[in-house]
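Please go through the fold of this protein chain, sheet by sheet, and then look at a few residues in detail.

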Amino acid sequence: MSTSTKHGVAKVGDDGTVALSAPADGVGGFRWQLELPPEVGTLVSREQSPGGAVGAGSETTFIVKVNDPDGGPVQLVKKRPWEQQPVEVLRYTISRD
């Protein structure tokens with residue numbers, strides 16, 4: 001199984017937080033995990049939007065309080081809890097601009 005990696009920029013809001021969202025497919029046991037270097041910031045909350053029907057997709061959103069946007073990349077990693085290899089990685093650079 002190969003890993004798909006996408007890159008993006010996440011802008012810090014006026015309140016010093018950034019929201020990182022990823023689509024959840026609702027099947028297969030896959031979960032999004034946040035990989036956040038402690039020098040970059042701290043996780044404030046994780047929210048799951050409801051999907052419409054059973055097995056329907058939804059969205060997972062991680063709210064991060066940013067301390068230092070230059071502390072390193074932040075990643076959302078999609079994998080099954082019992083597997084080591086992710087199937088998808090969303091890598092973000094945090095920006096105050």
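## The four-stranded sheet

Four strands make up an open sheet with mixed pairing, in the order β1-β7-β6-β3. β1 and β3 (31-35) are the edge strands, and each of them pairs on one side only. Between neighbouring strands of this sheet the average turn is 20°, direction ignored. The model described here is predicted.

The pairings can be taken one by one. β1 and β7 run parallel and are joined by eight bridges. Within that pairing, Thr-5 stands opposite Val-89 in β7. β6 and β7 run antiparallel, joined by five bridges. Here Val-74 stands opposite Tyr-92 in β7. β3 and β6 also pair, in the antiparallel sense, over five bridges. Gln-33 has Val-77 in β6 as its bridge partner.

| Strand pair | Direction | Bridges |
|---|---|---|
| β1 and β7 | parallel | eight bridges |
| β6 and β7 | antiparallel | five bridges |
| β3 and β6 | antiparallel | five bridges |
| β4 and β5 | antiparallel | eight bridges |

## Strand β6

How many of the residues of strand β6 are buried? Six of the six are, so the strand (residues 74-79) is largely enclosed by the rest of the structure. Its side chains split into two sets. Val-74, Leu-76 and Lys-78 point one way from β6. Gln-75, Val-77 and Lys-79 point the other way. Both sets are buried, the lysines included.

Lys-78 has a further feature. It lies over the face of Phe-30, at 5.7 Å from the ring centre. As for pairs between aromatic rings, the structure holds zero.

## The three-stranded sheet

A second open sheet consists of three strands in the order β2-β5-β4, with antiparallel pairing.

β4 and β5 (residues 58-66) run antiparallel, with eight bridges between them. Among the residues involved, Gly-41 has Val-66 in β5 as its bridge partner.

Beyond its neighbours within four places in sequence, Gln-48 contacts Ala-24, Ser-58, Glu-59 and Thr-60. Gln-48 and Thr-60 are 12 residues apart in sequence, yet their C-alpha atoms are 4.6 Å apart in space.

## Val-12 and Ser-95

Val-12 sits in the loop between β1 (4-11) and β2. Ser-95 is in strand β7 (residues 88-95).

Are these residues buried or exposed? Val-12 has 11% relative accessibility, so it counts as buried. Ser-95 has 17% and also counts as buried. The cut-off for buried is under 20% relative accessible area.

With residues up to four places away in sequence not counted, Val-12 touches Thr-17, Val-18, Val-66, Ile-94, Ser-95 and Arg-96. Ser-95, with neighbours within four places left aside, is in contact with Val-9, Ala-10, Lys-11 and Val-12. Val-12 and Asp-97 are 85 residues apart in sequence and 7.8 Å apart in space, C-alpha to C-alpha.

## The chain as a whole

What does the secondary structure of the protein chain come to? There are zero helices and seven strands. From the N terminus on, the elements run β-β-β-β-β-β-β.

The protein chain has 97 residues, and 38% of them count as buried. Of the contacts with a separation of 6 or more, 70% come from residues 24 or more positions apart. The protein chain exposes about 5,700 Å², and carbon and sulfur atoms supply 51% of that area.

Definitions and conventions. Residues are numbered from 1 along each chain as its sequence is written. This is a predicted model: local features need pLDDT of at least 70, side-chain atom pairs count only at pLDDT 80 or more; totals for chains, interfaces and linings use all residues. Side-chain values use heavy atoms; hydrogens and water are left out. Two strands pair if DSSP finds at least two bridges between them. Helices (H or I, at least four residues) and strands (E, at least two) are DSSP runs, numbered from the N terminus. Buried means under 20% relative accessible area, exposed over 50%, partly exposed in between (1.4 Å probe, protein chains only). Contact means heavy atoms within 4.5 Å. Rings of Phe, Tyr and Trp (its six-membered ring) pair if their centres lie within 6.5 Å; planes under 30 degrees apart count as stacked, over 60 as edge-to-face and the rest as tilted. A charge sits over a ring if NZ of Lys or CZ of Arg is within 6 Å of the ring centre and within 35 degrees of the ring normal. Accessible areas come from the Shrake-Rupley method with a 1.4 Å probe; for residues, only the protein chains shown count as cover. Axes are lines fitted to C-alpha atoms, for helices over the stretch in contact, and angles run from 0 to 180 degrees between N-to-C directions.
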